[in-house]
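Morning, everyone. Please bring up the model, and we'll go through two parts of it.

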Amino acid sequence: MSQLLEAIDLVKRFPVRVKGRKKLLHAVDGLNFHIDAGETVGLVGESGCGKSTLVRLLTRTLDITDGHVRFRGQGIGLIAARAMADHPLRREIQMVFQDPTDSLNPRYTARQTIAEAVCLLTDTRGTAAIDSAVEEAAAHVGLPPELLDRYPHQLSGGQKARVGIARAIVVKPRLLVLDEPTAALDVSVQAVILQLLDRLKREMNMSFLFVSHDLNVVRLLCDRVMVMYLGQIVETGPAREVFARPLHPYTRALIASLPGGHGNDADLLVGGDPQSPIDPDAHRCRLFGRCPRGAERCETQFPPLREISRGRSAACHFVAPTEGDVYVDAALALHQIDVDPARRATVATEFERLASMATLVQAVPLPDDSLPAPQYRP
Amino acid sequence: MSKLPTSATAIAAAFARGEVSAREISAATLARIAERNPALNAYTEVTAARVLAEADVLDAARRRGEPSLPLAAVPYAVKNLFDIAGVTTLAGAKLLAGNPPANADAALVARMQSAGGLLTGALNMDALAYGFTTENTHYGATHNPHDPMRTAGGSSGGSGAAVAAGLVPIALGSDTNGSIRVPASLCGIFGLKPTYGRLPRTGSFPFVHSLDHLGPLAACVEDLALAYDVLQGPDVADPACAQRDIETTTEALQCGLEGLRVARLAGYFDDHAGPLARAASRHAAQALGSRGDIELPEVDAARAAAFVITAAEGGALHLAALRERPEDFEPLSRERLTAGALLPAAWVSRAQQLRAWFREQALIAFCDVDLLIAPATPVSATLLGQETMDINGRILPTRPSMGLLTQPISFIGLPVVVAPMWIDGSTLPIGVQLIAAPWREDICLRAAWALQMAGVTAR
């Protein structure tokens, strides 16, 4: 897969005043990641971790402090947020906002809302052509045509969410960014919208970035997940693998806290306040103080994000690849088998099953003369 | 003749007496396949031209007064890993669909033809024979004739369904870890997995060289024995084939169990069997006059070793394609094959050592008994798409676990006949394994015949 979007050492700092002194709030603190064409990536983390700032940097509605953003190989980091409204890029990256009520113009019908995007961002002109584009998008999101002429206050929450999604996909973007797409909806409606998004993901040839604090959304929809904590990515990997075997203590805590999850209480974060994002200590792990595994080293030596096994990275001194991971990665390379990262987890699981079978075999005490072992006599 | 005979034995006899022509039999068989196969998806290829041509040859020979053949005018079909001249050997895999057609018949197909059999076509299977349910993502699932929502078992699922539905009286399959015995059990028919090395595998697509067996499936014991007898004989082209003379079994069937010591396998074989499977094993033991239960040591390790050898040899066999065309593999088994290709040699070697030791333990047991009885599958047919099954409170993945009871036996190459059982209150059949010492297929077949005579193998 080719890279659609790439962030390199991406930084956003906000100047703040604390007791009259100028300080810097490190909202996004040196991020490196990419989103491939056709890939669905989940970005998770608690409120205040920098998710929303990151989204605004990527959609270029907030100026970046430092670093680079590339879209289809071209640097877009220097486009000023003010210039974005008229920039051709605006069509390529579309957003679906958290609250469908807040993000829809109350004076516009659903049709007008969707048509406005067509008029502003595409070359489609003429009532018939625009109507046809609007109706196609409405059909895609399962919005009945008879609802197109209603105003937001005449639509249910789920219907408004569909209008918001239709407005974004009608211009056929390459990247769709969804900020908490289900957070404002009733639980019953959430499931329906998740199904819709899952279908769109399979039907539309575009990349998705799901931003959510709801791990279940990410688990259901995403190929890959990035976990953010205090402005930094602390873990990334194929979603199935991360949920089955989280590596970073913070990810373990997130998963352990899921209702009915498989998490272990020992993984939960210990009490204590999170560190401040204002001028944080560059040598200290951001989770130090809340981490159940924190040690002296974590206070004096910052753990960078590093690759643990193929396609999986974590930022923690204590995370080490398992022997099985090391072996499977090395053996795949040695056998020149190139496994899609999404399938690698299954290979590792199958390998573990075979390894446990081999252990069962090895536990049988065989007599010395069993063939084909050599015989050593004194 | 108003009503055509259906069993192989009856067809061959009626043909010999001149009561029926091979043409009539083949035309009726093709009509039956056309009518019933669409709902079963047992066939991947119907060789209509061939079956009619073979029938005409037999009818002409009879008109010339030539002596009749043992399988004269008997329609049969083969799992699609057997070479059929002029047909691409799929082994259930899209991966192989682009290969040229086979230029000659597999050795066993040639033997069936020499014996007068009429080849009706190629049958569906799990891709590359790696699976126990014939849920083939590319060629579709084969449906169980007793319940279309359920699997026919696998990997010779097309063979099991074709015979159970009465499309043909005999089918050929292969069995590496249970692939003849599982579909026989789930479809309610008889299946023979002979001693390792008995029947030549020449011209069949391999899976795990050191565990692959071929054998027949049939609706009754007489037909099974009849097919087995014509399939026997040495073949130097398969290096694993024992150069043994033909040891016919058909005449010995009527000997019944006279002089045979029978015991039931307990321990592992009860622990990994659901209530229905345990009832079937006890019921068969009672009907055959079992002297009691015995246990083999370390059966779970034996099954594990078979699993390890299978993955390692299967992975090695397909290594080049796993590198170059992973997208053409069956998604249900691709990652297991990939993992198998990575196994350290010491694990595989140790598994082979255990195999030699476990074989000795079984041979010791056969000093005191002639026949061992065990269930063939942990449960009766599972639903298509069913991911897990419950065996005595343990939730296990369906597809690999269906072979829990067959794997330890084929691991050491013992001959086994599966006989179907219908337990009161169950709407689905389940099979029992009738296991003998190496080269004693005759004992397995005699025991199956005794069960058939006792009336416990029919609904």
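How many residues of chain B are in contact with chain A? Chain B puts in 28 residues, against 25 residues of chain A. Contact here means C-beta atoms, placed from the backbone, within 7 Å.

Quick housekeeping. This is a predicted model: local features need pLDDT of at least 70, side-chain atom pairs count only at pLDDT 80 or more, and totals for chains, interfaces and linings use all residues. Residues are numbered from 1 along each chain as its sequence is written, with chains lettered from A and ligands numbered from 1 in the order in which they are written.

Back to the interface. On chain B, helices H10 (299–317), H11 (319–324), H12 (334–341) and H13 (345–365) each supply at least two residues of the side that touches chain A. Helices (H or I, at least four residues) and strands (E, at least two) are DSSP runs, numbered from the N terminus. H13(B) gives the most, with 9 residues. By type, that side of chain B has 17 nonpolar (Ala, Val, Leu, Ile, Met, Phe, Trp, Tyr, Cys, Pro), 6 charged (Asp, Glu, Lys, Arg) and 5 polar (the others, Gly among them).

Now strand E13 of chain B, residues 371–375. It is largely enclosed by the rest of the structure, because 5 of its 5 residues are buried. Buried means 20 or more other C-beta atoms within 10 Å of a residue's own, with C-beta atoms placed from the backbone. Leu371(B), Ile373(B) and Pro375(B) cover one side. Leu372(B) and Ala374(B) take the other.

Who are its partners? Strands pair if DSSP finds at least two bridges between them. E11(B), residues 262–265, runs parallel to E13(B), with 3 bridges. There, Ala263(B) stands opposite Leu372(B). E17(B), residues 430–435, pairs antiparallel with E13(B) over 4 bridges. Gln433(B) is the bridge partner of Ala374(B).

Methods: Contact = placed C-beta atoms within 7 Å. Buried ≥ 20, exposed ≤ 12 C-beta atoms within 10 Å, placed from the backbone.
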